[in-house]
Amino acid sequence: MIVIEARNLTKRFGDFEALHGLSFSIEEGSITAIVGPNGAGKSTLLRIISGLINRTSGKILVMGEDPWKSEYLPRKLSVILDKPFLPPFLTIEDIIKETVLEFNSSFSDAISLMDELNLSYFIKNKVKDLSTGTRQKVQIIFSLIKNPEIIVADEPTANLDIVSRFEVYNIFLKLRKKMNTTILISSHIAPELIAISTHLLGINNGILRYNGEVSKMIRKDLLEEFYIVVDNVERAVSVLRSFTIEVSGNQLKVRGNLMEIVSELIKEGIRIFYIRNSLLDKSVQGEIGWG
């Protein structure tokens, strides 16, 4: 089922055209990576989808409704921004309790999310006393408490270290598996994002350069060799025994389908700290005319 549909979507700021006639659709339960260089139009697109700004022309429907006009969508869609805005004088606990009450959600589920993002230590701290990265994690929890059907995340891991980024990615994957949540994520860190995504929108200079499944974009010869750092090498080797693996310290050189590799590791609770494939970087950049 299509949950987001755009036709000839255009956005202008004065004389500057930020988006040039974009047309695409997003399937329910997909994880769509929105990639491109800084200034490509990623944030503008996500803000239109979220209903934070209006389009100039064209059509955009989210769950069958115009996001700019809908009173229904804010309860079904969560937005995660690159610069978190949270009440500075409230504690994390205050924010969780108020959000749980507003959306009739589970406090225990929220605490579980806190544990997954290693935030339990900060629960009594006020937002103003938190680091930028910790605030970003709090914003992510705040956005997920209401069990949204769609998550729109604009550079959600921009202020996080590698370990924290994969903690967030792992939560997104679990949400998709458990609740069939539709997730849109923008980032300029292509390999990490592609590792968890089913689809990709590549944007450059406001033009849609690629629209389709990740598996159809990446050439077969690029789905071969990845360097991955994990927290438990011995378990990872056991889990990935059907793949070709070389071990060097805590780094694995693995041959195989990236989505399958990452899914297997996450399913077994193995934390991923780093993924790299320079050929994959070049492939993505080549598709969207970036770099």
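**Exercise 1. The second largest pocket**

Task: Identify the residues nearest the centre of the second largest pocket in this predicted model, and characterise its lining.

Solution. Step 1: D109, L113, N147, L175 and K178 lie nearest the centre of the second largest pocket, out of 15 residues that line it. Step 2: Two elements, α3 (107-116) and α5 (162-179), each give two or more residues to this lining. Step 3: Sorted by class, the lining of the second largest pocket comprises seven nonpolar, four polar and four charged residues. Step 4: The space in the second largest pocket is about 300 Å³.

**Exercise 2. The largest pocket**

Task: Describe the volume, the lining elements and the residue classes of the largest pocket.

Solution. Step 1: The largest pocket holds about 440 Å³ of space. Step 2: Its lining consists of 20 residues, and those nearest the centre are L52, L77, S78, V79 and K146. Step 3: Two or more residues of the lining come from each of α1 (42-50), β5 (77-80), α2 (92-103) and α4 (132-144). Step 4: In the lining of the largest pocket, 12 residues are nonpolar, seven are polar and one is charged.

**Exercise 3. The packing of α2 and α3**

Task: Determine how α2 and α3 are oriented relative to each other, and state the handedness of their crossing.

Solution. Step 1: Two quantities describe a pair of packed helices, namely the angle between their axes and the distance between the axes. Step 2: For α2 and α3, the angle is about 140° and the axes lie 10 Å apart. Step 3: Roughly antiparallel requires an angle over 145 degrees, and roughly perpendicular one of 65 to 115. Step 4: α2 and α3 are therefore oblique to each other. Step 5: The crossing of α2 past α3 is right-handed.

**Exercise 4. Confidence along the chain**

Task: Which elements have the lowest and the highest mean pLDDT?

Solution. Step 1: Over the protein chain the average pLDDT is 86, and 92% of the residues score at least 70. Step 2: Among the elements, the lowest mean pLDDT, 64, belongs to helix α10 (residues 278-287). Step 3: Strand β4 (residues 57-62) has the highest, 97.

Note on methods. Residues are numbered from 1 along each chain as its sequence is written. This is a predicted model: local features need pLDDT of at least 70, side-chain atom pairs count only at pLDDT 80 or more; totals for chains, interfaces and linings use all residues. Side-chain values use heavy atoms; hydrogens and water are left out. On a 1 Å grid over the protein atoms alone, a cavity is a set of points where a 1.4 Å probe fits but cannot get out, and a pocket is an open set with protein on both sides within 12 Å along at least five of seven lines; lining residues have an atom within 4 Å of a point. Grid points are joined across faces, edges and corners, and a volume is the space filled by probe spheres set on the points. Helices (H or I, at least four residues) and strands (E, at least two) are DSSP runs, numbered from the N terminus. Ala, Val, Leu, Ile, Met, Phe, Trp, Tyr, Cys and Pro count as nonpolar, Asp, Glu, Lys and Arg as charged, and the others, Gly among them, as polar. pLDDT is the predictor's confidence in each residue, from 0 to 100. Axes are lines fitted to C-alpha atoms, for helices over the stretch in contact, and angles run from 0 to 180 degrees between N-to-C directions. Angles under 35 degrees count as roughly parallel, over 145 as roughly antiparallel, 65 to 115 as roughly perpendicular and the rest as oblique. A crossing is left-handed if the near helix is turned anticlockwise from the far one by less than a right angle, and right-handed if clockwise.
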